[in-house]
Amino acid sequence: MKAWQVHELGEPRDVLQLAEIPSFRAGSGQVRVRVLAVAANFPDVLMCRGLYQVRPPLPFTPGVEVCGEVLVGTAGISRLSPLGAGTRVIGTAALPHGGFAEEALLDAAVTFPAPTALDDAQAAGLLIAYQTAWFALHRRARIQPGETLLVHAAAGGVGSAAVQLGRLAEATVIAVVGGPDKVQVARDLGADLVVDRRSEDVVGAVKAATDGRGADVVIDPVGGEAYEQSTRCIAFEGRIVVVGFASGTIPHPSLGHALVKNYSLLGLHWGLYAQRDPQSLVDCHAELTRLVDAGEITPLVGERLGFDQVPAGLQRLADGRTVGRVTWVADA
């Protein structure tokens, strides 16, 4: 079968190589699928660069978020409802056998039926981004109706999910984006206020919108300058949820500043829930599926790629030049 593989570390456009490899045999706790679509994630970029906390052995195939069709039934796999062959599912790849290939292996603990209301590209973008946003808002920050939510990179994967879920949580949503082309995208997602960080003062805009109080909850998948801005406009007893470092800069926060301003720094590594509290992932998927079926949320697919476009698409994600999810669709 065909697969994009990384044989040496570097930028996606430079290190992804098209290869012909044998089909996989599913191991314990794995599900073998025919890949229908893969939503690119920033961890895919970081793995290509060798900078992610998970470092699969070379050569490996990236693509951690997959929509696929089950090739072999899963009745004997623990912690997973039986899924017959032919079932359309979404799941996370069992590396090094990621999704940018004709077939992939998924982690059975994080594999769920795909909502029928979504097409393959939309379904591929539901799992990681929306569950990350959901856990950030409801499990870590405990957001409450009427609070102000600040979302960085609001036109991206996690950011666009957080805007939609924040609106449903009855929060006032302030979305930060990079560039005028992304402003309308964030507005269409339901943000109450959109701030273009390239031409506007983020801190000043947040303070003006909140009468100087600041944001109660911040979702930060960016790090770097975005994190610094958050600390300057966080409300009394506010919560900053750190979910990633797309800027490439990991902040070194001053704990004295958090003490003086009475705010909390909360980390979120969504992947740990599969080990520590797998039932919470099942419950979250059920709630997200309910919201999808009700028409309340729809993953934002910015690009649908052909197979030969995967390296270039992943590089655009790496360079911060994408809107919504960049997704390879098998029938594109």
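Trainee: In this predicted model, what covers the buried residues of helix 2?
Mentor: Helix 2 spans residues 42–49. The cover over its buried residues includes strand 1 (2–6), helix 1 (12–15), strand 3 (30–39) and helix 12 (310–318).

Trainee: How many of the eight residues of helix 2 are buried?
Mentor: The buried residues in helix 2 are Phe42, Asp44, Val45, Leu46, Met47 and Cys48. Helix 2 is thus mostly covered, and the count of buried residues is six of eight.

Trainee: Which residue just after helix 2 takes a positive phi?
Mentor: Helix 2 ends at residue 49. Just after helix 2, a phi of about 80° is taken by Gly50.

Trainee: Leaving aside neighbours within four places in sequence, what is Leu149 in contact with?
Mentor: Leu149 is one of the residues with the most contacts inside the largest core. With those sequence neighbours set aside, its contacts are Leu137, Ile143, Ala162, Gly166, Ala171, Thr172, Val173, Ile174, Val217 and Ile219.

Trainee: Is Asp283 buried, partly exposed or exposed?
Mentor: Asp283 sits in helix 11 (residues 278–293). Its relative accessible area is 45%. Buried requires under 20% and exposed over 50%, so Asp283 is partly exposed.

Trainee: Which side chain makes a polar contact with the side chain of Asp283?
Mentor: Asp283 belongs to helix 11. The polar contact of its side chain, at 2.9 Å, is with the side chain of Gln279.

Note on methods
Residues numbered from 1 in each chain as written. Predicted model: local features only at pLDDT ≥ 70, side-chain atom pairs only at ≥ 80, totals over all residues. Heavy atoms only, no water. Core = buried A, V, L, I, M, F, W, Y, C linked by side-chain atoms within 4.5 Å. Buried < 20%, exposed > 50% of the residue type's maximum accessible area, 1.4 Å probe, protein only. Contact = heavy atoms within 4.5 Å. Helix = DSSP H or I, 4+ residues; strand = E, 2+ residues; numbered from the N terminus. Polar contact = N/O pair within 3.5 Å; in protein donor to acceptor, adjacent residues only side chain to side chain.
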